[in-house]
Amino acid sequence: MLTISARRLTDVATSIFTAAGATPENAQGVVSSLVDANLAGHDSHGVIRISAYVKDIREGRLDPKATPVVVRETASTAVIDGGTTFGQVSSRMAADLAIRKARAASLAAVAANHCHHTGRIGEWTERVAAAGLVGMATTAGPRGPQSVAPFGGAKGALGTNPMSWAIPRAAGHPPVLMDYATSAVAQGKLQVARAKQEPVPDGCIIDAAGKPTNNVEDFFAGGLLLPFAGHKGYALSVVVELLSVGLSAGDKVPAGERAGTVLMVAIDPGAFRPAEEFTKYVESVVARLKAIPPAPGFSEVLVPGEPEARTRATRQREGIPVPERTWEGIEATARELGLSVAA
């Protein structure tokens, strides 16, 4: 395992995407998101994605020069065509537009289609919460990869279909954050397990024959992910796809083009009660949770979002752990583009 600073990873990733044809704005947008995912401890959505993104650029599945555009709009809603560029760029645009509209209309929803991989969606709800608003985001694709079996099924029919909520807290505190895939594990985390050569926990994947397995290679040999919590995660996954794809019109993206979607919702708490009263209530709930004595095997009760905030602080200070296999892939991609990088 290597330890590399966020600044070094940013410089390396920026040079790679720039060499691959990205505009300065798009390179900055995707790299900041990838490195922030690593800082937050979600390595599955971090720099491990670089080689795959560059491969998609070369094969015409990702346009690094495109600029997302608004194609439909009302006072409190909008639809964005991502132009098959980096999904992080389209998602940031959706979050910022939702923020502006919610400040004017109290509640806003912005959907984006025609997107490449949208990254860690918790970043976008955190962005909304940083503006003092409640943020909700969902993301899904109409055509897969359908790597998740529905509850009771033996073939893939759904994506990992993640969702996130972020609730703003008092100044100086990170938001209360919920951010996870509706599959038992995100597919990117299987890539991390593969890079580290680690087994997968029980209940996460099945092999090509539909049998439970802990061997991550079974997934990459035709296996499938399972929804979390059985029928509950399955139902939530269906709702995420219906909202993300259905409202964004992602199902209308031409066949053969990346059709990832995201739905961003921003809510102004001040439209329902004085904002300071809402913040006071949030802090009272946090205090109630933090006051609970820890169960055996735990040192304290954490509020959703605290693990990310603590990991970010540690990794900004000490550096980001990167598996050697991941770094070797980044180095190989850089060489293919005529660049030389070193940890």
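A: His114 counts as buried because its relative accessibility is 11%, where buried means under 20% relative accessible area, exposed over 50% and partly exposed in between, with a 1.4 Å probe and protein chains only. This residue lies in strand S4 (residues 107-115); helices (H or I, at least four residues) and strands (E, at least two) are DSSP runs, numbered from the N terminus. Phi of His114 is near 60°, a positive value in a residue other than glycine. Most residues other than glycine have a negative phi.

Please keep in mind that this is a predicted model, in which local features need pLDDT of at least 70 and side-chain atom pairs count only at pLDDT 80 or more, while totals for chains, interfaces and linings use all residues. Residues are numbered from 1 along each chain as its sequence is written, and side-chain values use heavy atoms, with hydrogens and water left out.

Asn161 also has a positive phi, near 40°, and is a residue other than glycine. You will find Asn161 in the loop between strand S5 (134-140) and strand S6 (163-167). With a relative accessible area of 2%, Asn161 is buried.

For a contrast in accessibility, turn to Leu247, which counts as exposed because its relative accessibility is 52%. Leu247 sits in helix H8 (residues 231-248).
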